[in-house]
Amino acid sequence: MMRDCWFFLKLFKPYTMWLVSGIILSLITSMAAITLLSLSGWFITASAMAGLLSIDGNVLAFNFMLPAAQIRALAIMRTLGRYAERLVTHEATFRVLAQIRSWFFQQLIPLVPGRLALMRSGDLLSRMTADIDALDALYLRLVAPVFVAILGVTAVTIVLATYAPIISIANGLILLVAAVYVPWLFNRLGNEGAERITVLMANYKIRQVDTLQGFADLLANQAYERYSVFLQQFSDRMIHTQRQNNCLTGISSAITFLLSQISFTVVLILAGLLYTENQLTGSEVALVVFCVLASFELVTPLPQALQMLAKTQKSAQRIRQVAKLKPTITEPQQILLLPQSYDLQLSDVCFRYSDQQDWVLKNINVQIPLGTKLAIVGASGSGKTTLLHLIMHYFDPEIGQVALAGYSLSQYGSEPLMTCFGVLSQRSQLFATTIKENLLIAKPDATAKELDAAIKAAGLEKFISYLPEGLNTWVGESGVKVSGGEARRIALARLYLKDAPILILDEPTEGLDSETERDVFQALSVFATKKTIIMVTHRAAGLSLVDKVYRMEQGVLRDYHL
Amino acid sequence: MHLTESDNQTYFDKNKAREKICAVWLKAQAKIAKKWLYLAVSAGVINGWMVIIQSAVLAYLLQAIIIEKLPLIVLMPYLWSLVVIFVVRSLCVYAYPVCGFEAGAQVRSSVRQQLFTQFLKQGPSEIKNHQSGSLATVTLEQVDALEHYFSRYLPQQMLVAILPISILIVVMPFNWIVGVIFLITGPLVILFMALVGMGAASATRNQFLAMSRMSGYFLDRLQGLSTLKLFGLAETELSNINTMANGFREKTMAVLRIAFLSSAILEFFSAIAVALVAVYVGLGLLDQIHFGPAVHISLQEALFVLLLAPEFFMPLRQLAINYHDRAAALGASDAILAILEKEPAGQFTSIDIQKPSSHHLIEFIHVSKKYDQRTVLTDINLSIEPGEKVALVGESGAGKTTLINLLLGFEQPTTGRVLLKGETLTQTQSAQQIAWVGQSTYIFHGSIKDNIALAEPTASAERIYEAAVAAGVTEFSIHLSEGLETQVGERGYGLSGGQVQRIALARAFLKKAEIIVLDEPTANLDDSNKALLLAVINQLFKQQTLIIATHDPLVIKIMSRHIKVSQGGIS
């Protein structure tokens with residue numbers, strides 16, 4: 001487990017300077033705070049004792065200007081130090097996160113789309129971004145406080161030792177218990193609960209998704225109430241486990257607190273004894289006592305840091321698991337150049353997602369020369385979309401082969417191969433940027449003229465003319481909300497711009513109103529005359545576009561007559 | 001990115017207004033957790049008061065040891081009282097988060113309940129519009145994100161109002177000048193923090209839109225990675241992500257710099273106050289001051305006020321640390337409210353005063369249904385008698401499913417009425433009397449048996465078995481090692497479409513309802529399975545009223561009455 005965190009710590013390397021400066025500043029600030037309190041205690045006591053002397057008639061010999069100036073300097077140092085520390089540690093964290101993000105993105109590129117299509121990707125990816133964000137705790141909450149605690153405690157112990165070794169030892173031992181034993185103990189005690197809560201949460205999520213997806217079935221069978229009561233009970237169980245975990249945290253902070261107070265009392269008594277034996281002066285007693293009181297601030301963040309560690313480890317582990325996945329296809333040693341012809345041929349193609357699962361495609365044989373227009377109908381789950389994925393080489397067939405211009409797809413590089421396909425599916429991926437940028441994804445060097453033609457072909461002029469900023473309007477979360485129909489038209493315009501020879505249409509009009517549906521097919525019929533069309537649909541509309549219809553029945557492709 | 005001032009302003013204002021709504025809602029939720037909140041605050045207050053007593057004892061002890069040189073033996077009672085204080089304070093340190101947790105737990109539990117009820121109100125067609133994964137995230141993670149607002153932020157907010165004033169009241173009679181120092185610096189801190197806060201708000205305002213656009217960038221590109229790859233842009237995007245991350249860092253740091261400044265100011269003023277107190281009492285001790293209570297100050301008094309000085313600012317500093325709990329809760333409540341605020345799609349607008357009378361089993365009277373602008377059904381009049389076998393035919397999108405949804409009470413008609421046994425139909429009523437098998441039956445986590453007994457979990461094993469046999473479930477379950485006890489789930493993993501259909505039929509059969517509604521029961525089946533299924537249907541539901549939506553000629557043939565739905569009307 002620790003190995004996962006270690007792995008990410010190595011990614012921090014380019015930013016060592018930032019990270020080290022953050023720790024140094026943080027240490028300076030803590031030390032300034034401790035010195036400030038100790039010096040103040042010393043100063044007040046020394047003043048009181050000097051004052052007593054002057055009442056006795058002696059000349060005032062106490063120079064109060066210097067320590068007073070030092071106190072002011074320390075107060076300013078603490079304030080400025082804290083400010084600088086925060087700036088530097090946060091700057092460092094952001095830099096590190098950026099590094100991890102681009103590393104993760106790079107790891108993901110070969111996994112897409114094949115490997116990731118097998119997972120519920122939307123949910124997984126938002127989980128991933130949260131996990132990456134959680135890694136900021138690695139430095140901010142874990143590495144930095146631990147370093148500061150180790151260095152700070154050492155410094156305090158050494159300084160105390162110059163005044164009174166016995167006090168230094170007593171305080172050092174208790175600090176050690178508070179900094180090492182208590183966090184370790186409670187980390188161990190809390191482990192089971194932390195694990196249980198993860199399991200409970202995962203199970204709760206499954207039940208909750210169950211309840212929502214089967215919502216209609218539950219309602220119609222008068223079972224929703226039963227299920228929601230069950231979920232509520234489940235939630236109570238989760239809360240109960242969290243309660244136990246929270247109690248442990250409470251106990252651990254109470255113990256840390258109590259230890260600090262015990263140490264303080266012990267030191268107070270010891271200092272008192274040393275004072276009566278004249279081994280310490282009165283003002284040194286105050287200095288030592290206040291120093292001990294302040295030194296516990298160094299270790300207070302540690303129990304929390306260790307609790308954090310478990311969470312951070314989980315996140316690190318999850319990210320690494322995804323990054324360690326093998327791509328579904330391997331790039332060939334010798335990459336074949338793309339052919340001049342785009343004839344597809346599927347021969348004896350059999351496919352399943354894993355050895356344990358049933359065959360999804362059974363013995364598919366079909367010839368698709370350039371310009372062929374075919375449709376595949378069939379129930380959902382019958383294997384239609386899987387077939388499209390095989391044609392686009394997301395996966396290799398287990399038996400048989402998919403060939404382009406006579407050569408197996410696995411002999412082409414995956415990136416150049418993608419230039420052959422234009423895809424329109426029920427999910428039109430829009431990026432959070434301007435409409436123009438969204439279109440240019442299909443052809444980064446498109447001229448204004450080409451853009452206009454694409455917009456016209458997709459029937460987007462009206463939509464764009466309504467927008468005050470036209471093509472430069474931002475879409476997505478913090479921009480204009482785009483309806484499903486408009487998004488599909490943008491995807492259609494991309495298809496037009498990309499001008500690929502083979503069009504893959506996966507339920508291209510699913511979820512659209514009939515007007516948009518008609519427009520989409522109208523546009524396709526005009527610009528796809530010379531292209532190959534492979535369409536999957538379960539609607540009757542659009543079948544006029546194709547010359548031949550197949551029906552997929554549980555992985556078997558059959559001729560279909562309307 | 002070219003963003004104008006006004007872009008930012010509008011977007012910021014919109015968000016500000018939303019934040020306000022969320023904040024009000026959060027406050028309202030605190031009501032049910034009052035008891036625990038007050039307990040947590042009590043623990044915090046007792047702890048704070050103990051600090052005052054502890055400072056007094058400590059100041060006395062140091063005075064006694066250093067100045068009066070009393071032997072430790074004499075001071076034992078004081079040392080013991082220190083120990084008692086420590087124990088009490090430890091208990092408070094423990095009780096504070098524990099009570100706070102209960103407050104948060106109660107709120108979370110109640111919000112979850114509210115969400116469950118809201119789902120019920122919205123009905124299945126609305127729920128289907130959302131990704132169930134993201135709805136589940138709201139009920140789990142987002143609700144959990146409320147915890148710290150109630151367990152930490154709210155109690156701390158109350159402590160800020162109580163503890164500094166307590167300290168002031170104690171210090172005033174001892175040393176009014178120190179009291180005045182507190183009295184001046186305290187409000188000054190708040191004033192300056194507010195000023196800086198405004199600066200931060202304006203800094204945020206200037207960059208708000210840019211920042212919020214950038215913050216989702218990574219997730220956006222991650223989710224669109226397959227699209228990017230399709231267009232050969234994945235590698236190019238990598239450098240964009242780096243540029244964006246750097247831009248985001250710069251803009252965020254610009255805002256954070258000001259936010260950090262606000263806590264630096266807090267720290268600065270508390271340091272100034274402590275220093276002022278230290279200088280004042282220090283000079284007093286040295287007889288350098290000839291005004292106020294410091295003239296004859298003892299070490300004990302000096303230490304007492306000095307120890308209390310940082311404690312005066314402590315609650316405020318803690319609140320500043322807890323401030324992000326509030327931000328997190330606001331974010332979560334935005335997502336939760338988005339669900340809770342939604343008007344239920346088709347609540348009963350029971351305007352029918354006169355009791356309708358109908359002798360038909362099912363009757364549709366002038367029923368129309370519109371979604372926004374789109375009319376799906378217009379003026380449907382239809383009656384169905386007991387025992388009829390009805391086929392609803394028509395193209396997909398013609399309104400068959402809407403008709404069935406109305407009959408099941410999943411949706412309410414825009415105008416007109418649907419009557420079941422002469423009474424206006426409600427969802428509960430129709431759930432009692434109608435057994436329904438939808439187009440894609442959902443298989444829940446659990447055994448096949450549990451899934452059959454969905455409507456009646458207490459059904460006897462014999463009756464479940466009987467239903468399983470009748471619907472042909474046993475034909476395949478017999479090959480499974482655990483038979484009907486076999487665990488299934490996650491969209492019925494491991495079950496074929498035909499097997500799922502049979503479980504659904506067994507479910508309907510076990511229910512012993514008078515009316516059976518089947519929506520496209522043969523859509524997912526091949527010819528041989530289809531014939532088998534039709535035989536089963538014929539057999540199972542001989543006595544009942546049967547309504548089947550279909551466009552399968554085989555099915556239509558076996559039904560005695562045909563109703564054609566086309567373009568929102570029937571014939």
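**Reading the chains and a sheet**

Tutor: Begin with contacts: 105 residues of chain A are in contact with 101 residues of chain B, where contact means that the C-beta atoms, placed from the backbone, lie within 7 Å. This is a predicted model: local features need pLDDT of at least 70, side-chain atom pairs count only at pLDDT 80 or more, and totals for chains, interfaces and linings use all residues. Residues are numbered from 1 along each chain as its sequence is written, and chains are lettered from A and ligands numbered from 1 in the order in which they are written.

Student: Which element gives the most to the side of chain A that touches chain B?

Tutor: Helices (H or I, at least four residues) and strands (E, at least two) are DSSP runs, numbered from the N terminus. Here H9(A) gives the most, with 25 residues.

Student: Which strands stand at the edges of the sheet in chain B?

Tutor: Two strands pair if DSSP finds at least two bridges between them. The open sheet of six strands in chain B runs E6-E9-E10-E3-E11-E12, with mixed pairing. Strands E6 (434–437) and E12 (569–570) of chain B stand at the edges; each has a single partner strand, so one side of each is left without a neighbour in the sheet.

Student: In which sense do E3 and E11 of chain B pair?

Tutor: Strand E3 (residues 389–393) and strand E11 (residues 561–566) of chain B pair in the parallel sense, over four bridges. In E11(B), His562(B) is the bridge partner of Ala391(B).

Terms used. Contact = placed C-beta atoms within 7 Å.
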